[in-house]
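Visitor: Could you walk me through this structure, one question at a time?
Guide: Gladly, let's take a look together.

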Amino acid sequence: MNRRRIALNRRTKIVVLGSALLLTAGAASAATASDSDAPRQREAAALTGTAKLYRSAGDDITFSFDAHLAAKDNADPTKATGTFEFSHYLNGEGAKAKARVDCLLTGGKVAVVSGVITSSDLPGAEGKRVGITVHDVGHRDRLGYSWASTGNPVETKELPKCVGSAPFEKVKKGTGDFTVVPWRPEF
């Protein structure tokens, strides 16, 4: 009879302990769920991602974006933050650059981002503003850049914020894609 009582006591302790753990876990889950159920304000606009451009001659051209407009800055796209980078190489020659975002405008699946080049191995590029336009159409996105008609960013004179060109270049299949979060300004 003592063995039976000891076995029942152990089972009871295990059941009680297990129940306490389940209640604690349930309370923690409820607290976490209520925290995550709180309405989150999405950012006002964004352009992110990396991809290579398609060129039949084999140029290695890459663009990378991490540009964001916070919800609190919805009324002013010039308060966008982040960086973007681009590079263009062919037969081992070329250049790369990194820019600090100074404006981001998006509409539907199209984004225009501009920024000032902060570092580059292209002589004369640092301090120049450049603008890029992206059309987010899935894995075959398109892209255009402000120096399309001048040949390189150094030749571009006094570019205003948030100016790019039509997205005439195609992203190389399988190299990635871009994501655009559409801006919804309050008018």
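Visitor: Which residue in β7 does V134 stand opposite?
Guide: This is a predicted model, and here we look at a strand pair in it. Strand β6 covers residues 129-135 and strand β7 covers residues 142-145. The two pair in the antiparallel sense over four bridges. Within this pairing, the residue in β7 that faces V134 is L143.

Visitor: Which strands stand at the edges of the sheet?
Guide: Nine strands form an open sheet with antiparallel pairing, in the order β8-β7-β6-β5-β4-β3-β2-β1-β9. An edge strand here has a single partner, so one side of it is left without a neighbour in the sheet.

Visitor: Which residues are linked with R55 in a network of salt bridges?
Guide: Let's follow the contacts of R55. Its side chain meets that of D59 in a salt bridge, at 3.6 Å from N to O. R55 also forms a salt bridge with E169, where the closest N and O atoms are 2.6 Å apart. The network therefore joins R55 with D59 and E169.

Visitor: In the salt bridge of K72 and D73, is K72 buried or exposed?
Guide: The side chains of K72 and D73 meet at 3.4 Å, N to O; a search of the whole structure finds six salt bridges. D73 has 12% relative accessibility and counts as buried. K72 is at 72%, over the 50% cut-off, so K72 counts as exposed.

Visitor: How many residues of the lining of the largest pocket are nonpolar?
Guide: The largest pocket has a volume of about 310 Å³. Its lining has 21 residues, with H88, W147, G151, N152 and P153 nearest the centre, and β2 (60-69), β3 (81-90), β4 (93-107) and β5 (110-120) each supply at least two. Six residues of the lining are polar and two are charged, while the nonpolar ones number 13.

How values were computed
Residues numbered from 1 in each chain as written. Predicted model: local features only at pLDDT ≥ 70, side-chain atom pairs only at ≥ 80, totals over all residues. Heavy atoms only, no water. 1 Å grid on protein atoms, 1.4 Å probe; cavity = no way out; pocket = protein on both sides within 12 Å on 5 of 7 lines; lining within 4 Å. Points joined across faces, edges and corners; volume = space filled by probe spheres on them. Nonpolar A, V, L, I, M, F, W, Y, C, P; charged D, E, K, R; others polar. Pairing = 2+ DSSP bridges. Salt bridge = Lys/Arg side-chain N within 4 Å of Asp/Glu carboxyl O. Buried < 20%, exposed > 50% of the residue type's maximum accessible area, 1.4 Å probe, protein only.
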